[in-house]
Amino acid sequence: MNFEARFINIRWRDKTHVGSVKLSAQPIDVESVGKGEYCADIISYSTLNDDKSEFGQFAVRPLNNVEFTPFIINGTDKLPLQPVVDFKTGLTWWVEKDKWDKDRNQWQSRMLTGVGSVILSLGSEELELRVAASTFTYEQLDRYLSDFKLDFSELLLDDESYLTSRGKLDNLVLNEDIFKTLDTFVESITAIVANPKVDLIETLSPQPRGRVRPTNKTFIEYIKNPYAKSYSGRVATPTTDNAENRYAHFMLKQTVFMLGVIKNIAQQQYDTDSRKVTSYQSRIDGVSPYVLVNAEAVVNAISRLKEQRNQMESRLGNFNKSLSKNNLTANKELFVHLTGQFGDSKNLFFAKIKSSANKPWHDGKLNGLDGYNLVLFSVKVPVEIGCVYRIVGNWQYDKRTRRGKSVIEINIRGLNRIDLLGSDKLEKLTNKINSMEAEAETLAKNGWKRPLRQNEKTAQQRELASLQEMHTRLRAKVGMADRLTQYFVPFIQALKSLQVKFERLGIGVTGNFPSSMTYIQNRIYSNANKAYKSIINFSGFNEDNVFEAIQKSDNLKLINISSLYERWCLLQFFKVLIFKFRYQPEKGWKEKLIASVLNNEKDISISFTNKAAGRDITLWYEKILSNRRTPDFLLEVNAQGDNGQVYTRSFVFDAKFYQDINDPKHGGISQVIKHLYFDKDYSEKGQNGVFVLHPSNDAVPVAINPQSWAQHSFLGEITMFDWDNAMREQQYHKYGAIKLSPIDTASYLDELQRLVGMCLQYGVENNKLNKQHPITLTDSTEFCIQCGGTDLNYSQGNNDKVWWATCNDCKHFTIYSYCSNSECRTRLVKNGDYWNYHSIEALEPINVQCPACSEHF
């Protein structure tokens, strides 16, 4: 690729002269789609019409000593871009100058005020810009940037800072030594600015000849004019702008910055946790003796069941039409009642058989021996267990004895037609539809509300205990964050006023420690230096690269919003793994995080360990897959099983900054997921889970899962699209999309916590259980999805295959069970009303729906 694309912010002096050029922190991500052909996604900010927005316009420049004049291909027209020189770097960038905006004193670009596709010719290469619309306000977009800066600072400071560590914040008793240190620093700097060290600087100025302090220049002037009234002489001028005071000013400036960052982090925690407290209180207040049923989900559930029934009834009709082309003359009749599947074969079944409708069923017994019948179809036939069929065609049968049992195997070699006479599943489905319609009719008359049943009351009490525990914890954290914020405000105000005094005295700033003895011999300067070092240590800024990285991120202004969203999502993974699930990152992880977030480095991995949970995780940023694709994030999970075996699973996550993912341009989450899973093969032929991260509301096209999160997110919990029905048996919970955005919700991180928790708790397991002896507890260590704890209290449920687990840390209650369908027996994990990732039944919210076969538990 012989070009680089970035967002650029140009300040124009007039229509032809550039005042300044500011580049985005990262280049625009460009994807190769063919030889010399590339594409990139950018956002149109047509609503950002205020002067404070700094999201820039598209710009491109040549690389690798290639020269070209870029132009837009518009049908047969060629619209050339115009060069702009960045005088600081000497680089030439090419931008679109469409129309001069006199009011804003800048050139407008159609590329960032419209939507659609723009083709750019870049010498021998072409770039397609896919422009999506954004109606986010400046304040909303700026929220991503401010959250990014605070999250980045919090992560880098967390394990070092006494004041920002989550573990310390939970049980923090404010250390009086910290505030004594701050008092000492303020007092010392106040004393310095009141009576700063003064140096005398000698300069030359005209002086009366009788009082002149001569220099070489004085004698030269005297020789030239011995009778002059004045000559240049030495004058000692007092100055406070010396190395010692400049370093004191530096310490003051750095301390204001450090305390400001910590205060802002504490303020963010206060704001976020305060909203969560309100949310928890609302959920507690919402505890009711009634169930409020989601009417839309019920209607959609009934509609889907009817569609399923129609498909069952029509499936054989379509199959029989295809058989008519065979022109088989055989018309032998056979009746079969399929009772089970034999092994992993798709065409071999256990069955009861009879040769005519009037005869009794033969169950396999022969000559006094117990036995069974097997029916083998030579072709794939759309039949199901529990159904009775009439078969017309030809077949062979074989009688034998196997392990003391009689076996009759019927091999159906040719089919004229196959008719469905009866179906346990069809009957069950019809009964369920009738039952749901009757119950829905009753509920509609009562405002879709009904009293809780006893099992629902029990579950509600467990949920309430956990809510109250988390509510109490959050209130304590809010109180601590508020105290931290309030404690630092007066210190910051005092220090800022001292900064003004330093500036008025004309004292500069330098980080070079003075070589004089002042900071050793002068008690005031010495105390200021000692206090400053203590502040660095307790604030967590005691690593040079951390301080520099936080300052660099704080100075970010112009940035590609899609790249910003991608890196913001990366920080959310760190927060979930470290703060929620208690994982410890590897040594040196901060350098890698800085490299990926600020230096645009790719294919970076960071390892996380949680020994108590028995899992190791590697988080990859823009890893290059075996098929050369580069998704945004990949989690490689290694889970230690009870048998000593290590289970390894990978999960891909791709960030898409689509404000309206249902826009036809994107095709909704259905097409976005499908494109990543199959077309880009992020799944690597079905091996990896693939999930989309997006900021879009109402992303789920149909309300089927009545849980609150399911309006915006989909976790592969049910059949949703026109292409995923065939994937259900094996790929459930291995694809999906979640809304991840700090706008409009305080609990946005819960969405990612639920998704990652599902991957760690359920996705790493083989959830197809032994049909005769299902073991419902996971092979790897169980953990709490709400707080990440592993201290669980176990008890058996209503049978020896069901386990209940209560977290001793947060009181969260989890049920480990299995699907009641004897042909399925998929493990089910019920994580309570809020944290469930399985779908729940529309009319029975306490029941989860099996992701593999849609049965309910």
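This is a predicted model: local features need pLDDT of at least 70, side-chain atom pairs count only at pLDDT 80 or more; totals for chains, interfaces and linings use all residues.
## Starting at Arg-413

Two residues are in contact when heavy atoms of each lie within 4.5 Å. Arg-413 belongs to strand β21, which covers residues 405-423. Setting aside its neighbours within four places in sequence, Arg-413 is in contact with Ser-378, Asn-394, Trp-395 and Gln-396.

Take Asn-394 from that group of contacts. Asn-394 and Arg-413 are 19 residues apart along the chain, and 6.0 Å separates their C-alpha atoms.

Strand β20 (residues 387-402) and β21 run antiparallel and are joined by 16 bridges. Within this pair, Gln-396 stands opposite Asn-411 of β21. As a general point, strands of a sheet pair through backbone hydrogen bonds, in either a parallel or an antiparallel way.

## How α6 meets α7

The two helices also pack against each other: α6 and α7 meet at an angle of about 155°, with their axes 10 Å apart. Angles over 145 degrees count as roughly antiparallel, and therefore α6 and α7 are described as roughly antiparallel to each other. Their crossing is left-handed.

Another pair to look at is helix α3 (residues 176-194) with helix α10 (residues 523-539), which pack at an angle of about 140° with their axes 8 Å apart. That angle makes α3 oblique to α10. Here α3 passes α10 in a left-handed crossing.

The contact includes Ile-178, Leu-182, Phe-185, Ile-189 and Ile-192 from α3. From α10 it includes Ile-524, Tyr-525, Ala-528, Tyr-532, Ile-535 and Phe-538.

In soluble globular proteins, nonpolar side chains tend to be buried together. In this model, the largest nonpolar core has 134 residues, and those touching the most other members are Phe-574, Leu-593, Phe-633, Phe-653, Leu-693 and Leu-755. Helix α5 (residues 243-285) gives the most to this core, with 15 residues. A second, separate core of 25 residues includes Val-652, Val-672, Val-690 and Ile-718.

What does Phe-574 touch, not counting residues up to four places away in sequence? Its partners are Leu-155, Phe-579, Trp-589, Leu-593, Ile-606, Phe-608 and Leu-619.

## Strand β27 and its neighbours

Is strand β27 (residues 646-655) largely enclosed or open? It is largely enclosed by the rest of the structure, because 7 of its 10 residues are buried. Strand β26 (residues 633-640) pairs with β27 in the antiparallel sense over 8 bridges, and Glu-636 has Ser-650 of β27 as its bridge partner. The hairpin of β26 and β27 has 5 residues between the strands, and Gly-644 in this hairpin takes a positive phi near 90°.

Strand β28 (residues 689-694) also joins β27, this time running parallel, through 5 bridges. Phe-651 has Gly-689 of β28 as its bridge partner.

## Two loop residues with positive phi

The loop between β25 (615-621) and β26 holds Glu-622. Its phi is positive, near 50°, in a residue other than glycine. At 6% relative accessibility, Glu-622 counts as buried.

Asp-698 lies in the loop between β28 and α15 (728-731). It has a positive phi of about 50°, although it is not a glycine. With 40% relative accessibility, Asp-698 counts as partly exposed.

Terms used
Residues are numbered from 1 along each chain as its sequence is written. Side-chain values use heavy atoms; hydrogens and water are left out. Helices (H or I, at least four residues) and strands (E, at least two) are DSSP runs, numbered from the N terminus. A nonpolar core is a set of buried Ala, Val, Leu, Ile, Met, Phe, Trp, Tyr and Cys residues joined through side-chain atoms within 4.5 Å. Buried means under 20% relative accessible area, exposed over 50%, partly exposed in between (1.4 Å probe, protein chains only). Two strands pair if DSSP finds at least two bridges between them. Axes are lines fitted to C-alpha atoms, for helices over the stretch in contact, and angles run from 0 to 180 degrees between N-to-C directions. Angles under 35 degrees count as roughly parallel, over 145 as roughly antiparallel, 65 to 115 as roughly perpendicular and the rest as oblique. A crossing is left-handed if the near helix is turned anticlockwise from the far one by less than a right angle, and right-handed if clockwise.
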